[in-house]
Amino acid sequence: MNIRSVAMTAMLTVAGVAAVSAPALAEYKVCNKTTKTTSVAVGYYDDKTPDGVENGVWVSEGWWNVEPGKCATPITGPLKVRYVYVYAEHPDGSGWAGENPFCVKDAEFTIRGNENCERRGFSSKQFSEVDTGAESKSYTTNLTDD
């Protein structure tokens, strides 16, 4: 699987979500604007440990299998971070990769920490950084094949 060569021809487009007349839901969504089902994983910095202590850690979560023309909502509630990281691929291995390593596994996952992935029994993928804006509470990333 050569994600880097495919990523040169695929494009990750992002669009902020603005409230129109009805109040917008606070969330981070990924919409699949391609003709193939796409598996999506996200990463973000969680500034609190599960016990509430201020000593954060990088977290990765997946997989959301998003049908063509549909959206997934990996992060619900108001965005608490400016940067979200996303990795997406089609079943044939083509997709979108970035420069930021996060741990993943084949089945559904939530992994705390993005270091020593292989030593901890995970694999590693290169996620793309998405700047959701300094004050955004909602954001949508659109995946396209352009």
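Reader: Which residue of strand 4 does Tyr 45 stand opposite?

Author: Tyr 45 stands opposite Trp 58 in strand 4, where strands (E, at least two residues) are DSSP runs numbered from the N terminus. This is a predicted model, in which local features need pLDDT of at least 70 and side-chain atom pairs count only at pLDDT 80 or more, whereas totals for chains, interfaces and linings use all residues. Residues are numbered from 1 along each chain as its sequence is written, and side-chain values use heavy atoms, with hydrogens and water left out.

Reader: In which sense do strand 3 and strand 4 pair, and over how many bridges?

Author: Two strands pair if DSSP finds at least two bridges between them. Here strand 3 and strand 4 pair in the antiparallel sense, over 9 bridges. Strand 4 also pairs with strand 9, again in the antiparallel sense, over 4 bridges, and the bridge partner of Ser 60 in strand 9 is Ile 111.

Reader: How should I read a pair of aromatic rings, and how many aromatic pairs does a search of the whole structure find?

Author: The general idea is that a pair of aromatic rings is described by the distance of the centres and the angle of the planes. Rings of Phe, Tyr and Trp (its six-membered ring) pair if their centres lie within 6.5 Å, and planes under 30 degrees apart count as stacked, over 60 as edge-to-face and the rest as tilted. A search of the whole structure finds 8 aromatic pairs. One of them joins Tyr 45 and Trp 58, which are edge-to-face at 5.1 Å centre to centre, with 70 degrees between the planes. Because Tyr 45 lies in strand 3 (residues 38-46) and Trp 58 in strand 4 (residues 57-66), this pair ties together parts that are 13 residues apart in sequence.

Reader: What is the relative accessible area of Tyr 45?

Author: The value for Tyr 45 is 34%, so Tyr 45 is partly exposed, given that buried means under 20% relative accessible area, exposed over 50%, and partly exposed in between (1.4 Å probe, protein chains only). Trp 58, at 28% relative accessibility, also counts as partly exposed. Another edge-to-face pair is formed by Trp 63 and Tyr 87, with 6.1 Å centre to centre and 65 degrees between the planes. Since Trp 63 lies in strand 4 and Tyr 87 in strand 6 (residues 83-89), that pair ties together parts 24 residues apart in sequence. Both Trp 63 and Tyr 87 are buried. Ring pairs link these four residues, together with Tyr 85, Phe 102, Phe 109 and Phe 127, into a cluster.

Reader: How many disulfides are there, and which cysteine is joined to Cys 31?

Author: A disulfide is a pair of cysteine sulfur atoms within 2.5 Å, and by this rule the count comes to 2 disulfides. Cys 31 is joined to Cys 71, with an S to S distance of 1.9 Å. The torsion about their S-S bond is about 105 degrees, so this disulfide is right-handed. The link spans distant parts of the chain, from Cys 31 in strand 2 (residues 27-32) to Cys 71 in strand 5 (residues 71-76), 40 residues apart. Cys 31 counts as buried at 5% relative accessibility, whereas Cys 71 is partly exposed at 41%.

Reader: Is the link of Cys 103 and Cys 117 left-handed or right-handed?

Author: That link, with S to S 2.0 Å, has -85 degrees about the S-S bond and is left-handed. Cys 103 counts as buried at 0% relative accessibility, and Cys 117 is buried at 4%.
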